[in-house]
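This report describes the aromatic contacts of one protein model. The sequence and structure are shown first.

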Amino acid sequence: MRKAFLAVAVTLFCVSPARAQITDVLIEIDRGRTEGIFTKSPVFQRAILAKPAKPTDTALLYFRGYPGIARIQSVADKQGNLQPFMRMNQRIFAEEGIALVVMDCPTDEWGAPPPRPPTTCFDNYRSSKEHADDVRSVIARLRDEHGYSKIYVMGHSMGSVSSRWLAKNLGKEISGSIHSGSMNGPTRDGFANSVSGFSYDTIAAPVLHVHHESDSCSLTPYFTVKGYAGENLMTVRGGVPGGDPCGAAHLHGFQGREDLVVRSIISWIKTKKVDRIVGE
């Protein structure tokens, strides 16, 4: 029998009536399988729910970029697992009645800790039925204990491997999927080798692609996304490039356009209308 545990911490954004109050909730679900030859440790799927005080029926499940594994142990791990454009604007989701959920890989996909590069939670897991089932367990908790009936998934960069496969494997169990700064070329160690030629015709729920037209990361070229996204593409223009072209402080992470990108994503969630150009 699967066990589920819940811990709650009240934090954040109570500084003024104009800002949404948020309760951070640790979701921890025993997945009923074990890892380790000798220890047989239970495997947990964890997530952090940023629950708005304002009642809502909508939740957005967010899968982070590099290194792709959040290693969530408490609600204190939320901030470090949001890309800057999401972290800086998370209050907007709450104000607009959207519960933001920071997702993790299950503990049997954590692998070696940093500073070693990730070697687990790669495509063989992210494209699998097991990944979909692990995420379903979080969706069930959100629905049954928090009343969220409209579920969206969003992946940024490395996280877009999850968002695409979940959009396919969860079908109409979700209300839509958002793929931001998507990877379309495999890394040297093979991450993202499952998305080349991915068929978006197999996705049942609405889809939004968000990409900067000047993204200069070699693994996330804009022209590739433009070739398959069609009318579901939100093109971001302008901003402030800086640092690693594949990093958060560059156009790949929408630096200088963070607020506009988040507001356009929220608008799409609410209306399904695509802001074709953001940042002009």
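## Basis of the description

A residue counts as buried when its relative accessible area is under 20%, and as exposed when that area is over 50%. By this criterion, Trp165 and Phe198 are both buried. The model under discussion is predicted.

## Aromatic pairs

The structure contains six aromatic pairs. In one of them, the ring centres of Phe85 and Phe254 are 5.1 Å apart and the ring planes meet at 85°, so the arrangement is edge-to-face. Phe85 belongs to helix 1 (residues 84–87), whereas Phe254 is in the loop between strand 9 (233–236) and helix 7 (258–271); the pair therefore ties together parts that are 169 residues apart in sequence. Phe85 has 0% relative accessibility and counts as buried. Phe254, at 1% relative accessibility, also counts as buried.

A further edge-to-face pair is formed by Trp165 and Phe198, with 5.1 Å from centre to centre and 90° between the planes. Trp165 is part of helix 5 (residues 159–170), and Phe198 lies in the loop between strand 7 (176–180) and strand 8 (207–212), so this contact ties together parts that are 33 residues apart in sequence.

## Ring cluster

Trp165 and Phe198 also belong to a cluster, in which ring pairs link them with Tyr200 and Tyr228.

## Charge over a ring

A contact of another kind involves Lys272 and Trp268. The charged end of Lys272 sits over the Trp268 ring, at 5.1 Å from the ring centre.

Conventions
Residues are numbered from 1 along each chain as its sequence is written. This is a predicted model: local features need pLDDT of at least 70, side-chain atom pairs count only at pLDDT 80 or more; totals for chains, interfaces and linings use all residues. Side-chain values use heavy atoms; hydrogens and water are left out. Rings of Phe, Tyr and Trp (its six-membered ring) pair if their centres lie within 6.5 Å; planes under 30 degrees apart count as stacked, over 60 as edge-to-face and the rest as tilted. Helices (H or I, at least four residues) and strands (E, at least two) are DSSP runs, numbered from the N terminus. Buried means under 20% relative accessible area, exposed over 50%, partly exposed in between (1.4 Å probe, protein chains only). A charge sits over a ring if NZ of Lys or CZ of Arg is within 6 Å of the ring centre and within 35 degrees of the ring normal.
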